[in-house]
Amino acid sequence: MRIKKPFKKSGGFGPLFYLVAGLLVAAPLAVAGVAGYYLFLKDAHKPQVTLLPEAEAASLKRTFTVSAADEESGIRSLTVTVTQGQRRTDVLRRQYDPPRDRISERFTLEGSELRGGVFEMQAAAYDGSFANLGAGNAARVSRRMLLDMTPPSVKPLTPAHYVRQGGVGLVVYEVNKDVTRSGVMVGDVLYPGYKQKSGQYACLFAFPADMDADAFKPRLFVEDAAGNERAGFFVNMAIKRRFREERVDVSDEFLAARLPAFAGLFPETRDPVERFKKLESELRKQNDATLAALGKKTSPEQLWDGAFVYMPRSVVRGSFGADRTYVYKGQEIARERHMGIDLSSTPRAPVPAANNGKVVFAGPLGVYGNTVLIDHGMGLQSLYGNLSSLSVHAGDAVNKGDLVGATGTSGLAPGDQVHFAMYLDGRPVIPIEWWDAHWLEDNVTGKIKRYATGGDAPQQ
C-alpha cells in the first residue's frame, strides 16, 4: 500500500525558520542577561570602611578619620552621621565622580550641635556598582561614644626650674582626672610624664643643645580620653651654654682602618673620602633614628639609684655638644654636633654600667660601632659605643658598675675609647649632670621625693 505525503502549501514555515527565529529572539535575552550579570551581580562585594580612632569618648574638637576602599567599582559616596536622642546630623557628606578606589577624609564634631552625653556615630560608604538597583553596595561602621566637653586641669607642684642648654629638668604636676597623654611640650616634642604612686606625675624634659635659649619655652600638656587638651605653664629659667669647637683630622690610615667594616654600604661610592661623607651624614642619621625609636622602650618607673658612674681612670677625648669638623688634607669634608663624651683609658679597658637598668640594645650600630643601650626608666637611657666586645645582651638587667663591654675602635672611633652618651626619650642630653650627685639630688631625685610622695608637697 502506498502512503501519500501531506500536501505542503507553498510559502509555509519550515523547522529551519523556527530555529532561526528562536535564536534571534533568544540572543537579545542572553545579551541582556549577561549585561544584567555585569551590572547587578558581578560586583557583589561591599566596600571596606574604617573609622578611627576607636575611642569610647570624644570631644567636639577631636579629629576623626574615615577611610573607604573598593578596588572593583570605586567609592561613590561617603557619609558620617551622629545621632543623639531624636536628633540626627550629618557631619560629613561626600560624592565622588568618578568613583575613587580609595578615599580618606578627616572631620570633627564641631557644628554637630551635640550635647554632653552618649551619642552614636555611623559611617557609610557606597561603591560605584549597579548593585541594589543601582544604589551600589554599602558598608557601615558604628561607634557608641560619650561626648566629654570638659578638659582636664593641670597644676605644677615644683617651683622654679633652672635648665642648662643641652641639659635636663624635672617638673612634678597633678591633674584632676584620668588622662591618656601628659608631659612637657618643648617646641613640638612631647616629653611624657609618668604617674607616681602618690597620684602625681613626674616628667623629665630636655633643653635641646641646638635650640636657642629664647625659643626654649616648655609648657605642661595633658589630654584626656575624649581628646580634650589643656596647656599649663610653669616657671622656667633657661641657662644658655657655649659649646666647644673641635677639629678631627682624617688620615688615609684612618680611612683604611675604619672603612672596611662598612664595605657593604654605598657600593656605588668607591672613593674613601666620599664614602666617609656618606657615613657621617646618611648612616649617622639612620642610626640616630634607631636610637630615637629605642627611646620609647622605657620603664615608667625610676630604675636608677643615685649618681651615675663612668669608666674609672679615663680621660676625656671629646666633649658633649661640640661643633666637630672633620678635615682631610686641609679641606673640611664633614661636620657634626658631637652628642656624647669620648672616654679613653688603656686599650680594651672594662666599661661599667652607669647605673641600674635594663639593656634594650646590644650589637653593632653603624657609626657607633658595637653599642650597648641601657634603659634607666622614665625615658632616661645611657649609651656605650665603639666597644671592642660586649658583655651583655638585650633584655639583661644590670646593676651600677656591672661590666657591659670593653673599649675599642669599632664604628668611626678615632682611637680606642668608649663613646658615652645619655638620652632622654631618644634625644641626647648632657652626661656630666648625671655624674653629679648634688645636681641629681637638687634637680631630679630630691624633687620626686618631696613633691611626688603624696604628703610633703607645699600648698600653692
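This is a predicted model: local features need pLDDT of at least 70, side-chain atom pairs count only at pLDDT 80 or more; totals for chains, interfaces and linings use all residues.
**Largest pocket**

About 670 Å³ of space lies in it. I then looked up the lining and got 37 residues. Closest to the centre of the pocket are D288, R337, M339, Y368 and P428.

Which element gives the most to this lining? Helix 3 does, with 6 residues. I noted helix 3 as residues 272-294. Other elements that supply at least two residues each are strand 13 (189-192), strand 21 (322-328), strand 22 (331-338), strand 31 and strand 32 (427-429).

I sorted the lining of the largest pocket by class. There are 21 nonpolar residues, 6 polar and 10 charged.

**R284 in helix 3**

I stayed with helix 3 and picked R284, which has its place there. Is R284 buried or exposed? I read 13% relative accessibility, so R284 counts as buried; the cut-off for buried is under 20%.

Next I listed what R284 touches, leaving out residues up to four places away in sequence. The contacts are L279, Y326, E336, V367 and Y368. Y368 was already in my notes, as one of the residues closest to the centre of the largest pocket.

**Second largest pocket**

I moved on to the second largest pocket. Its volume is about 280 Å³. Its lining is K195, Q196, K197, S198, P300, E301, Q302, M378, I448, A452 and T453. By class I wrote down 4 nonpolar, 4 polar and 3 charged residues.

**Cavity**

How many cavities of 30 Å³ or more are there? I found 1. The volume of the largest cavity is about 40 Å³. V309, Y310, M311, L343, V351, P352, Y384, V418 and F420 line it. Two elements give two or more residues to this lining: strand 24 (350-352) and strand 31 (418-424). Strand 31 also supplies at least two residues of the lining of the largest pocket.

The order is 1-3-6 and the pairing is antiparallel. Why is one side of strand 1 and of strand 6 left without a neighbour in the sheet? Strand 1 (48-52) and strand 6 (102-107) stand at the edges, and each has a single partner strand, so one side of each has no neighbour. The twist averages 10° from one strand to the next.

I followed one pairing in detail. Strand 3 (residues 64-69) pairs with strand 6 in the antiparallel sense over 6 bridges. One residue I traced was V66, whose bridge partner in strand 6 is E105.

**Strand 25 and its partners**

My last entry is on strand 25, residues 357-364. Strand 25 runs antiparallel to strand 26 (residues 370-377), and 6 bridges join the two. P364 has N370 of strand 26 as its bridge partner.

These two strands form a hairpin with 5 residues between them. What phi does G366 take in this hairpin? I noted a positive phi near 55° for G366.

Strand 25 also runs antiparallel to strand 29 (residues 397-398), joined by 2 bridges. Here K358 stands opposite A397 in strand 29.

How values were computed
Residues are numbered from 1 along each chain as its sequence is written. Side-chain values use heavy atoms; hydrogens and water are left out. On a 1 Å grid over the protein atoms alone, a cavity is a set of points where a 1.4 Å probe fits but cannot get out, and a pocket is an open set with protein on both sides within 12 Å along at least five of seven lines; lining residues have an atom within 4 Å of a point. Grid points are joined across faces, edges and corners, and a volume is the space filled by probe spheres set on the points. Helices (H or I, at least four residues) and strands (E, at least two) are DSSP runs, numbered from the N terminus. Two strands pair if DSSP finds at least two bridges between them. Axes are lines fitted to C-alpha atoms, for helices over the stretch in contact, and angles run from 0 to 180 degrees between N-to-C directions. Ala, Val, Leu, Ile, Met, Phe, Trp, Tyr, Cys and Pro count as nonpolar, Asp, Glu, Lys and Arg as charged, and the others, Gly among them, as polar. Buried means under 20% relative accessible area, exposed over 50%, partly exposed in between (1.4 Å probe, protein chains only). Contact means heavy atoms within 4.5 Å.
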